[in-house]
Amino acid sequence: MAVFRGKEYANIVGYGAAGGYYEKTKRELATIMNLDYLCDRKWENSGQKEHDGIPLIHMKDLKNLDDALVIIFASGHWMYEAIKSDLDALGMEYVHVNEVIGCNKILDGKMLKEQFPDGCYEDMHGNKIYFDQTLSDKITVLLGGSNNLLKIGKNVTAANFLIVFGNNGSCTIGDNTEIIGAEFYIAHSGIRVGEDCLFSTQVVLRTHDGHHIFDANTHQRINYPKDIEIGNHVWIGFRVMLLGGARIGTGSLVGANAVTSGQFGEHSVIVGTPAKVIRENVCWSRDDTEYFNWSRLEECVSKEALKYF
């Protein structure tokens with residue numbers, strides 16, 4: 001018998017337990033409750049009877065359990081949604097393992113400002129977020145692990161901005177940066193964004209690959225996470241992807257659909273896959289060419305570029 005949120009359950013089932021997220025969280029879960037059964041599609045036709053000393057149960061038999069709670073072990077949102085659909089069809093009660101162990105919190109700008117008016121969020125897993133009350137409501141932070149640090153400067157605006165942390169990540173975003181649509185994925189490394197930057201839509205910054213890659217001969221890993229650094233007043237274009245190790249110098253522009261893990265200097269135009277410099281000694285203004293057709297920087301309303309020469 002286990003109790004969760006004031007309700008007693010006779011049977012606790014771990015679903016998705018053949019994956020890595022089960023291995024990541026099982027010890028912490030064991031300090032809170034025990035699993036009576038494990039379930040995973042990978043075991044449906046394997047003939048295996050138990051795992052970790054816990055009996056396996058077929059998915060079709062879940063509905064025969066009385067007073068059952070299914071704990072979902074899923075690292076990705078898409079996997080979680082797929083498992084939820086399966087369990088909904090069976091009429092099962094379920095919860096993600098992170099809700100049980102108090103990890104993987106999802107926070108947005110509005111929630112942070114309302115609940116932490118001093119501009120500082122800290123949790124029991126060593127995660128910290130520092131922010132100004134000008135923080136955009138549209139910033140969403142997913143804390144999937146521990147010992148992460150996020151610092152967001154003043155007047156950072158966003159229309160659709162997701163930051164996903166694993167373990168031991170850091171992210172700093174400078175004042176007056178504007179993000180229309182971007183996703184940052186950070187673990188065991190950091191992202192540093194300067195002041196007065198502009199991000200277009202569908203931009204992705206990823207410090208790690210999501211999975212391990214090894215040399216086939218030595219079995220040594222070859223894809224460790226690396227930092228990403230973006231200088232002041234950098235314009236990141238539509239659907240750009242910056243990977244671990246990328247460095248973009250102050251005043252530069254990265255053109256649409258560019259992909260790179262390379263290092264580039266200041267005041268450059270960077271385009272292509274893999275990206276390369278096609279012009280140097282440039283600057284740019286936020287003034288929209290849909291409405292204005294200036295000939296000189298002095299005509300522009302937005303003149304932040306002048307600060308960085």
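Start with the sheet: select its seven strands, which form an open sheet in the order 9-12-15-18-21-24-27, with mixed pairing. Strand 9 (105-108) and strand 27 (259-260) sit at the edges with a single partner strand each, so one side of each has no neighbour in the sheet. Two strands count as paired if DSSP finds at least two bridges between them. Helices (H or I, at least four residues) and strands (E, at least two) are DSSP runs, numbered from the N terminus.

A word on what you have open: this is a predicted model, where local features need pLDDT of at least 70 and side-chain atom pairs count only at pLDDT 80 or more, while totals for chains, interfaces and linings use all residues. Residues are numbered from 1 along each chain as its sequence is written, and side-chain values use heavy atoms, with hydrogens and water left out.

**Zoom out**

Show the protein chain as a cartoon and you have four helices and 30 strands. The C-alpha atoms fill a box of roughly 75 × 55 × 35 Å, taken along the principal axes. Colour by accessibility: of the 309 residues, 46% are buried. Here buried means under 20% relative accessible area, exposed means over 50%, and partly exposed is in between (1.4 Å probe, protein chains only).

**Walk across the sheet**

Click K105 and look across to strand 12, where L143 stands opposite.

Strand 12 and strand 15 run in the parallel sense, with five bridges, and V141 faces I163 of strand 15. Is strand 15 mostly covered, or mostly open? Mostly covered: four of its five residues are buried.

Strand 15 pairs with strand 18 in the parallel sense over five bridges, and L162 stands opposite E183 in strand 18.

**Into the largest pocket**

Now select Y21, A74, S75, G76 and H77. Of the 46 residues lining the largest pocket, these are the closest to its centre. The volume of this pocket is about 1700 Å³. For the terms, picture a 1 Å grid over the protein atoms alone: a cavity is a set of points where a 1.4 Å probe fits but cannot get out, a pocket is an open set with protein on both sides within 12 Å along at least five of seven lines, and lining residues have an atom within 4 Å of a point. Grid points are joined across faces, edges and corners, and a volume is the space filled by probe spheres set on the points.

Which element gives the largest share of the lining? Helix 2, with seven residues. Colour the lining by class and you get 20 nonpolar, 17 polar and nine charged residues. In this scheme Ala, Val, Leu, Ile, Met, Phe, Trp, Tyr, Cys and Pro count as nonpolar, Asp, Glu, Lys and Arg as charged, and the others, Gly among them, as polar.

**The second pocket and S285**

Select S285, R286, D287, D288 and T289, which lie nearest the centre of the second largest pocket, lined by 16 residues. About 390 Å³ of space lies in there, and the lining has eight nonpolar, four polar and four charged residues.

Stay on S285, in the segment after strand 30 (276-280). With 17% relative accessibility, S285 counts as buried. The S285 side chain reaches the backbone nitrogen of D287 at 3.2 Å and the backbone oxygen of S302 at 2.7 Å. Leaving aside neighbours within four places in sequence, S285 is in contact (heavy atoms within 4.5 Å) with L297, C300 and S302.

Is T260 buried or exposed? At 6% relative accessibility, T260 counts as buried. Its side chain reaches the backbone nitrogen of G262 at 2.8 Å. Not counting residues up to four places away in sequence, T260 touches M241, L242, L243, A246 and A275.

Finish at I222, in the loop between strand 21 (203-206) and strand 22 (228-230). I222 is exposed, with a relative accessible area of 57%. Beyond four places in sequence, I222 touches I213, F214 and D215.

Definitions and conventions. A polar contact is a pair of N or O atoms within 3.5 Å; within protein, one must be able to donate a hydrogen and the other to accept it, and residues adjacent in sequence count only if both atoms are side-chain atoms.
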